[in-house]
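Reader: Hi! Could you walk me through this model in plain words?
Author: Happy to, here it is.

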Amino acid sequence: MKQSHHVKTVPSYCYNCVAGPCLMKVKVKDGVACEIMPNFDAEGIHPANGRCCVKAYGAVQKTYNPNRVLTPMKRTNPKKGRNEDPGFVPISWDEALDTICDRLRAIREKGLIDEAGLPRVAATFGMGGTPVSYMGTFPAFMAAWGPIDFSFGSGQGVKCVHAEHLYGEYWHRAFIVSADTPHTRYILSFGANVEATGGTCAVTRHADARVRGVKRVNIEPHMSITAAASSEWIPIKPKTDNAFMFALLHTMLHEHKRDELDLAFLRDRTACPYLVGPRGLYLRDTETRKPLVWNLKTDSAVPFDTPGAEPAIEGRFRIEHAVDVGADDDVASYADVDAETVMTKFVDHLGPHTPEWATAICDVPAETIRRIAREYLEHACIGETIEIDGKTLPFRPVAVTLGKNVNNGWGAYDCVWARTVLAMLVGALEVPGGTIGTSTRLNRPQSNRLKSVTPGDDGFMATNLNPTDKKNWEATPSGRNAHKTLVPIVGNSGWSQALGPTHLAWMFTRNPPDNWPAPTYPDLWFIYRSNPSISFFDTEEMADCVAQMPFVVAFAYTPDESNHMADILLPDATDLESMQLIRMGGTKFVEQFWKHQGVVLRQPAVEPCGEARDFTWIATELARRSGLLEGYNKAINRGAGGMALKGNDYDFSLQPETAYEVKEIWDRSCKAATAKYSHGDDVHGLEWFEENGFFVVPFKQVDWYLYPTMVEQDLRFELPYQERLFRVGQELGNRLHEQGIHWWDEQLKEYAALPHWCDVLDTWDRAVEKMGSDPKQFPLWLISTKSMQYASGNNVSIQLMNEVSQNVRGHGRILINTATATAMGLKQDDRVELRSPIAYTRGQVALSEGVRPDTLVVPGQFGHWATPYAKDLNFPSLNKLAPMSLDLTDATGSGADMVRVSVTPLGDAT
Amino acid sequence: MTRYVMVADLRRCIGCQTCTAACKMANGTPPGVQWRRVVDMEIGTYPDVKRVFMPVGCQHCSNPPCLDVCPSGATQQRDDGIVNIDYDICIGCASCAVACPYGARYLVHEEQYAYGDRPTEDEKTNYNNKYLGVANKCNFCAEKIDAGVANGLTPGKDPEATPHCVNSCISGAMTFGDIDDQESNVSTLLRNSKHYRLKEEEGTNPGFYYIWDEA
């Protein structure tokens, strides 16, 4: 007899990587999730038409992974360390929550801030903010709690596209930078592995772009997935992209005609005409202190915003009277002073950086550099326009994208500056076809980057820099990574601390540097979807750092290398078992810029396994048991759960004293969201969303671009000259030196108005020497790359991901150039040991012609020793070999994933 | 007449293996069995290298070598071109696996699970032990196509009547349809692009086309 089955299909989302959310449906048969599939209801709305990537297909195995932690657990072995068995024993939810909340209440009684001025509670979340889309109303609990230290990093920020985050947002509200792929025609990609990590929207758009003939040149040391799918691959030496880009700029400025540039854009939308004096500062009007420009109509210097003025873009002039404003209000007055425009300085600055100069550094032929410069200019379409939503905008279909390792660590400032300036030169910044930003995280509101633009000083956007003046500089850090103290540009938003130099929190807590207040350990540390013992630098040391934490509450999926040091494990209901409503669409990370915006529901397709509970339930219980229910509910009402529950015309607020069920909270969120987006015309609750999955309204395509906002507010991009950052750097230096701090002096050198080319490879050599080693002993460069299957760590224990990844060259291996390998007597799959100045890792080689002879590549972040399934893969790890070092940290606090290594064949030895 | 074919646009494919995973999930194939997978190929010598991603699987040939060698008649060819296996008849001799020039067929004799020797909950529900001991391969999701057609849907156009790999493809590389219909999606696509097929010289007349600018 044929068995009848109960089958249902449930809409949901995946947000396991920063390119989400992607939409999906879950097929459930007799209460068991058995299949993931696209949500085609989103055809024509979601740029990838409702599809999700390979990662999402792992969600079923993720749910039924026999290695899951399915009950709260407590540690019975008080000793912590890699070689200590935690002795986890199952406990009830009551015991777990009461243990945590007793401790939280005791902390509240002592005071939320300790004697060192640091929060007693800390929290770490991984993968670029994605845990927020799985932690339900936990942000409301954190808001109700008070100060929390987010300094202890696991790689997000610091190892991410860090310099791009901070400078991109500073220059054009581009926390993330993207090509305007649907409109562009020519893309220079410096290792931006968008096919692996850009998500479904990027993959769809770039496939369409390829078919319509877009040329993408991929410049990186190995042939990544993206390089494979590009028109041209240029195998550049690792970390020399700054030389290539400076040479591109040199070529465009010194070997091409000016009318190949967008002179109108330079004159009206940038700082190019501003006059610079002898101290490298703007010359300013003596009365108003506005920066001066040379008015060609009157042959005199006038404030930049003088109506009817025609500023000279280039030239050297003599100015009758002016002042400049240096660090700490150090004002200098001038009479008959020589000045040059920013443009003139900029052109001179690039003078030495010829293609011939660059070739010796980056190993790319000068002729190639010249050709790329020429192609870029030829594709720029200066003067052309396009109509979008009834508005006429400049059309400049050339874009420059950067990948990790190019936009973090030393040399990143050079690169992010150079790429933004490349866009600036042809007016391709924030216009259709060009280089655009997709989100803000340091400026408010985060949900609308255009609205975050307000007029600031000197004709530029208002900035959000942490103060560096004597009165307001945060001399005593309020967080363990001292982001407000050390990194002015990271600002002071809810994200800023996690974007500070998060490795310093670990380093300084163990080993404070000179003249620095010794940070204390937090009394309690929450960790969720984060595994610093695997994903950060120097993972052996990192695991030891984690082991120093006095009391760790880990929301645990499986045992892993970081929750190995936990005191309490809490099993949160995972992707297919829990509920949350989040925003989607508009413009957001990577290539998520849509013609719609709205909200999408994640709902339980199945009951949670074991004792796993919905995160919103956990958050409500934590709030209730620690006496914070009122503050928690008020935070939810204000929008800490994603949507504010009260608006002008609607009120779905929670009563502060009541502990609500999970479904009730999200039902109100659904109603508030739809009321907001539809202006009250189309309000829907949870039941509607459980059926329909998402709700959207149109989003104007013209709002993808910042240019119209800049024009409307008559603002200029603060480019190419960094006069403010130069001054801020000097002030920061003054503050640090007043405290006797000189260990940040190398970083201070990065605060240059025009970047000085950083010899990154030499910096590495000197760092190796400082570690007591000889660089010649480590002749090869090891870098990493991502794969779509693992571009966020939570798939390492999923068998399906490992199985399908076997089809991808280099998965779990060390990619090595075939000739290099052969010269060492190595064959495919032979075992080798890679050794850096601090550690070694072992693995099998994968021979490839698509790798530079001097470079090795280890995909992903493996090297597990505790995570079930992953620990038996025995895959090599770059993170184990990479030092956590101040010498390898740039001014924004980031470091790159690259290491000097030696290779030793192991033969039959394991 | 109807002949269903698959078209893989190699300009679009990025080897993400989403189709590999989607197929496994939908069909409940055991670990190691990949009816659809994407090969990652490298051609040339540094620095003149090409890396190409190529979805492969059963080519649903109109002249299939597997059909000729099958001693039991389990391998069958439908009127719409789909080459199918009747698992109830197959004796697991593997002659078809040897005969197939595309390596498209699998044969698994022992139960294997994703995590050790016991099935997970989804494997208990999804796992299809009808594949044990018999040849198995891509069948263009024949059951799904048939159900869709019975409901008046068009394979390759309506997701409910289209193979899972095609539905899942995030770059739009995979297209499925009836090549005998001159106005179908596949016919239009092939008419407007350069394409080739694998091992045509073997005389198999495969029903799997690859779009490639240098074809």
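Author: One term before we start: buried means under 20% relative accessible area, exposed means over 50%, and partly exposed is in between (1.4 Å probe, protein chains only). Helices (H or I, at least four residues) and strands (E, at least two) are DSSP runs, numbered from the N terminus. This is a predicted model, where local features need pLDDT of at least 70, side-chain atom pairs count only at pLDDT 80 or more, and totals for chains, interfaces and linings use all residues. Residues are numbered from 1 along each chain as its sequence is written, chains are lettered from A and ligands numbered from 1 in the order in which they are written, and side-chain values use heavy atoms, with hydrogens and water left out.

Reader: Thanks! Which residues of α3(A) are buried?
Author: They are Phe138(A), Pro139(A), Ala140(A), Phe141(A), Met142(A), Ala144(A) and Trp145(A). That makes seven of the eight residues in this helix, which spans 138-145.

Reader: And what covers the buried residues of α3(A)?
Author: The cover includes helices α2 (93-110), α18 (615-625) and α19 (629-638) of chain A, along with strands β6 (121-125), β20 (524-528) and β21 (552-555). The cover is judged by contact, meaning heavy atoms within 4.5 Å.

Reader: What follows α3(A)?
Author: Gly146(A) does, with a positive phi near 120 degrees.

Reader: How do β4 and β5 of chain A pair?
Author: In the antiparallel sense, over two bridges, with β4(A) covering residues 73-74. Met73(A) has Pro90(A) in β5(A) as its bridge partner.

Reader: Which side chain makes a polar contact with the side chain of Asn218(A)?
Author: That of Ser189(A), at 2.6 Å. A polar contact is a pair of N or O atoms within 3.5 Å; within protein, one must be able to donate a hydrogen and the other to accept it, and residues adjacent in sequence count only if both atoms are side-chain atoms. Leaving aside neighbours within four places in sequence, Asn218(A) is also in contact with residues including Gly191(A), Thr226(A), Glu232(A) and Trp233(A).

Reader: Now chain B. How many helices and strands does chain B have?
Author: Chain B has seven helices and 10 strands. Of its 215 residues, 57% are buried.

Reader: What is its radius of gyration?
Author: Chain B has 17 Å, which agrees with the value near 17 Å for a compact globule of 215 residues. The radius is taken over C-alpha atoms, and the globule rule is 2.2 Å times the number of residues to the power 0.38.

Reader: Where does β1(B) sit in its sheet?
Author: In an open sheet of four strands with the order β8-β1-β10-β9 (chain B) and mixed pairing. β1(B) pairs with β8(B) in the antiparallel sense over five bridges, and with β10(B) in the parallel sense over four bridges. Val7(B) stands opposite Thr175(B) in β8(B), while Ala8(B) has Tyr210(B) in β10(B) as its bridge partner.

Reader: Which way do the residues of β1(B) point?
Author: Tyr4(B), Met6(B) and Ala8(B) point one way, Val5(B), Val7(B) and Asp9(B) the other, and all are buried.

Reader: Last topic: how many residues from chain B and chain A take part in the contact?
Author: There are 46 from chain B and 53 from chain A. Tyr46(B), Arg51(B) and Tyr115(B) supply 20% of the area that chain B buries against chain A, more than any other three residues. In total, the two chains bury about 4,100 Å² between them, 60% of it on carbon and sulfur atoms. Buried area is the accessible area (1.4 Å probe) that two parts lose on being put together, summed over both.

Conventions:
Two strands pair if DSSP finds at least two bridges between them.
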